[in-house]
Amino acid sequence: MPELFAYTDGACSGNPGPGGWGVLLIARDGDRILKERDLFGGESETTNNRMELLAAINALEALQKPSDLTVVTDSAYVKNGVTTWIHGWKRNGWRTSNKKPVKNVDLWQRLEEATHRHQVNWEWIKGHAGHPENERADELARKGMEPFKPKKQTA
């Protein structure tokens, strides 16, 4: 049975500023890669956390049928949020433990909805540590940001 992995990353030039998200979807049978798919996009004015969330959301929403998969992220914010914090936020009416509104609530709710169709294992890895699939997701995020970055002036 093939295993499905989604390597996700977000990038931002300034925070807030132009940003991008990237996803490398890989279906594997042991060490053999059966299929790969690149996804990326971006926004003109956003934050790094929003791009990290959008990478995970787009990975899950891109799957046509319910799947068992591992989402690999270098964002502790995404991993901790979706596996731990979200339960308290929902219980508190989407408020933090100190009664403030949850930041990026629109994306957290969209991510929660996207997870319902799938069996998701969340895995955190250290970013920019030479992990080939994470580096590729980072390249895709930067590619997604490119159209939104200001053009350099030439004299």
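1. Threonine 8 is placed in strand β1; strands (E, at least two residues) and helices (H or I, at least four residues) are DSSP runs, numbered from the N terminus. The model is a predicted one, in which local features need pLDDT of at least 70, side-chain atom pairs count only at pLDDT 80 or more, and totals for chains, interfaces and linings use all residues. Residues are numbered from 1 along each chain as its sequence is written, and side-chain values use heavy atoms, with hydrogens and water left out.

2. Is threonine 8 buried or exposed? Threonine 8 has a relative accessible area of 1% and is therefore buried; buried means under 20% relative accessible area, exposed means over 50%, and partly exposed lies in between (1.4 Å probe, protein chains only). Leaving out residues up to four places away in sequence, threonine 8 touches Gly22, Val23, Ala55, Ala56, Ala59, Val71, Val72, Thr73, Asp74, Asn134 and Ala137. Contact here means heavy atoms within 4.5 Å.

3. Leucine 69 belongs to strand β4. Its relative accessibility is 4%, so leucine 69 counts as buried. With neighbours within four places in sequence set aside, leucine 69 is in contact with Leu4, Ala6, Leu60, Leu63, His118, Gln119, Val120 and Asn121. One of these residues shows how folding brings together parts of the chain: leucine 69 and valine 120 are 51 residues apart along the chain, and their C-alpha atoms are separated by 5.3 Å.

4. The next point concerns the nonpolar cores. A nonpolar core is a set of buried Ala, Val, Leu, Ile, Met, Phe, Trp, Tyr and Cys residues joined through side-chain atoms within 4.5 Å. How many residues does the largest nonpolar core have? The largest has 31 residues, and Val23, Trp108, Leu111 and Trp122 have the most contacts inside it. At least two residues of this core come from each of β1 (3-12), β2 (17-29), α1 (48-61), β4 (68-73), α2 and α3. Helix α1 gives the most to this core, with eight residues. Another core, of eight residues, lies apart from it and includes Tyr7, Leu24, Val72 and Ile125.

5. Axes are lines fitted to C-alpha atoms, for helices over the stretch in contact, and angles run from 0 to 180 degrees between N-to-C directions. In the contact, Arg50, Leu53, Leu54, Ala56, Ile57, Asn58, Leu60 and Glu61 of α1 meet Asp106, Leu107, Trp108, Arg110, Leu111, Ala114 and Thr115 of α3. By class, this contact of α1 with α3 has nine nonpolar, two polar and four charged residues. Ala, Val, Leu, Ile, Met, Phe, Trp, Tyr, Cys and Pro count as nonpolar, Asp, Glu, Lys and Arg as charged, and the others, Gly among them, as polar.

6. The second pair is α2 and α3. The axes of α2 (residues 76-91) and α3 (residues 105-115) come within 11 Å and cross at roughly 95°. This makes α2 roughly perpendicular to α3. From α2, Tyr77, Val78, Gly81, Val82, Ile86, Trp89 and Lys90 meet Trp108, Leu111 and Glu112 of α3. The residues of this contact divide into seven nonpolar, one polar and two charged.

7. Tryptophan 108 touches Leu53, Tyr77, Val78, Gly81, Val82, Ile86, Trp89, Trp94, Val102 and Lys103, residues up to four places away in sequence not being counted. Glutamine 109 is also found in helix α3; with a relative accessible area of 35%, glutamine 109 is partly exposed. Between glutamine 109 and lysine 90 there are 9.4 Å in space, C-alpha to C-alpha, although they are 19 residues apart in sequence.

8. The last point concerns the backbone in loops. Which residues does a cis peptide bond join? The bond joins asparagine 15 and proline 16, and omega is about 15°; proline 16 lies in the loop between β1 and β2. In the loop between α2 and α3, lysine 99 has a positive phi of about 70° although it is not a glycine. Lysine 99 is exposed, with a relative accessible area of 60%. Asparagine 104, in the loop between α2 and α3, has a positive phi of about 60° and is not a glycine. Asparagine 104 is buried, with a relative accessible area of 15%.

Conventions
Parallel < 35°, antiparallel > 145°, perpendicular 65-115°, else oblique.
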